[in-house]
Amino acid sequence: MKATLSDIEAAARNVYAAMNPTPQYAWPLLAERAGCETWVKHENHTPIGAFKVRGGLNLLARLSARDPHFSGVISATRGNHGQSLAFAARRHGARCRIVVPEGNSRGKNAAMKAFGAELVVFGRDFDEAREHAASLAQSQGLHFVGPFEPELVAGVATYALEFFRAVPDLHTVFVPIGCGSGICGLISARDALGLATRIVGVVSSNANAYAQSFRKRMRVETATALTVADGMAVRVPVQAALDIIYAGAHDVVEVSDPEVEAAMRIYCDDTHQLAEGAGAAPLAALLKTPQREGKRMGVILTGGNVDRDVYSRILSG
């Protein structure tokens, strides 16, 4: 179910209690390269360097309001969602336990621990880690947070409300899809404001469950999800997210790892901004979109959390 305008504005009060709105800039070098007016929503400028913090702040505030003595939360993540919950849980004095898959980003693991999360390493990928987190929740007396809670969607939708109100008449906005809260927040805000902006979801060609599901209008799981864009490395789509995407997205497109890496370099060259793989994927999709000339386009730079060795390799490519 989509977030309403009242849901999003209520979430904004919880978000802005801890952070300021993020900026959006129309970078001239990006415009020259893309051949169109290109606005970047800088979610890499949040307190955790990613848009997910908005959802965590709203969810923990709502949990705390319902039960000021709740014990804490448990969830699974590749990194940004876990940082979000840890950051928000610390504000409310609550425990936060996060399950990450084997081989997860060292930098994201370190950041989650620094924000106060207790880390558990389990599984070959996000989806196995998520199943393990759900199984631990009851035995440890913690509130399980799935990847697509209504409070998360309303929270992250606040970035969309900021973007649409700051930049009128956007023709198309490109947004990466991990589990779906980001794109569903965009769709919710657009529809709440009565806008005609097209929303295009972006996935990795190596983790394209949402693209296959969108084309077939049925949930499709993939066997693997191995991509440099770890924020999009999901094998099993969330049905509630798919329902919103089916109804509200113009398209879901795929980008390759080389295209994502090229977009990361472009962000560095043209804007001097650090973009992680998922954060750069929307720009990669924009740059391969035909008939974009003369249009006002938007891309969501969802985060800038990438390990230094990975980023160094990509910049030297």
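This is a predicted model: local features need pLDDT of at least 70, side-chain atom pairs count only at pLDDT 80 or more; totals for chains, interfaces and linings use all residues.
Trainee: OK, helices then. At what angle do α11 and α12 pack?

Mentor: About 95°, with the axes 8 Å apart. Helix α11 covers residues 257-271 and helix α12 covers residues 277-287. Angles from 65 to 115 degrees count as roughly perpendicular, so α11 is roughly perpendicular to α12.

Trainee: And which residues meet there?

Mentor: From α11 you have E259, V260, A263, M264, I266 and Y267. On the α12 side they meet G277, G279, A280, A281, L283, A284 and L287.

Trainee: How does that contact divide into nonpolar, polar and charged?

Mentor: Ten nonpolar, two polar and one charged in the contact of α11 with α12.

Trainee: What about α1 and α3, how do their axes cross?

Mentor: At roughly 100°, and the axes come within 8 Å. Helix α1 is residues 5-16. The two are therefore roughly perpendicular to each other.

Trainee: Which side chains are we talking about, residue by residue?

Mentor: A11, N14, V15 and Y16 in α1 meet R54, L57, N58, A61 and R62 in α3. By class, that contact of α1 with α3 has five nonpolar, two polar and two charged residues.

Trainee: Switching to rings. How many aromatic pairs does the structure hold?

Mentor: Three. Take F51 and Y159: their centres are 5.9 Å apart, with 80° between the planes, and the pair is edge-to-face.

Trainee: Where do F51 and Y159 sit in the chain?

Mentor: In distant parts of it, 108 residues apart. F51 is in the loop between β2 and α3, while Y159 is in helix α7, residues 150-166.

Trainee: Buried or exposed, those two?

Mentor: Both go down as buried: F51 has 10% relative accessibility, and Y159 has 0%.

Trainee: Now α9. Why is α9 described as largely enclosed by the rest of the structure?

Mentor: Because six of its eight residues, in the run 209-216, are buried. Those are A209, Y210, A211, Q212, S213 and F214.

Trainee: What covers them?

Mentor: The cover includes β8 (198-204), α10 (239-248) and β9 (251-255).

Trainee: And just after α9, what does R217 do with its phi?

Mentor: R217 takes a positive phi of about 55°. R217 also lies over the face of F214, at 4.4 Å from the ring centre.

Trainee: Where do they sit, and are they buried or exposed?

Mentor: H272 lies in the loop between α11 and α12, and is exposed, with a relative accessible area of 69%. Q291 is in the loop between α12 and β10 (296-301). Q291 is exposed too, at 66%.

Trainee: Last one: T38. Which residues is T38 in contact with?

Mentor: Setting aside neighbours within four places in sequence, T38 contacts Y25, A26, W27, L30, A31, L286, M297 and V299. T38 lies in strand β2 and is buried, with a relative accessible area of 1%.

Trainee: How far apart are T38 and A209 in space?

Mentor: They're 28 Å apart, C-alpha to C-alpha, and 171 residues apart in sequence.

Definitions and conventions:
Residues are numbered from 1 along each chain as its sequence is written. Side-chain values use heavy atoms; hydrogens and water are left out. Axes are lines fitted to C-alpha atoms, for helices over the stretch in contact, and angles run from 0 to 180 degrees between N-to-C directions. Helices (H or I, at least four residues) and strands (E, at least two) are DSSP runs, numbered from the N terminus. Angles under 35 degrees count as roughly parallel, over 145 as roughly antiparallel, 65 to 115 as roughly perpendicular and the rest as oblique. Contact means heavy atoms within 4.5 Å. Ala, Val, Leu, Ile, Met, Phe, Trp, Tyr, Cys and Pro count as nonpolar, Asp, Glu, Lys and Arg as charged, and the others, Gly among them, as polar. Rings of Phe, Tyr and Trp (its six-membered ring) pair if their centres lie within 6.5 Å; planes under 30 degrees apart count as stacked, over 60 as edge-to-face and the rest as tilted. Buried means under 20% relative accessible area, exposed over 50%, partly exposed in between (1.4 Å probe, protein chains only). A charge sits over a ring if NZ of Lys or CZ of Arg is within 6 Å of the ring centre and within 35 degrees of the ring normal.
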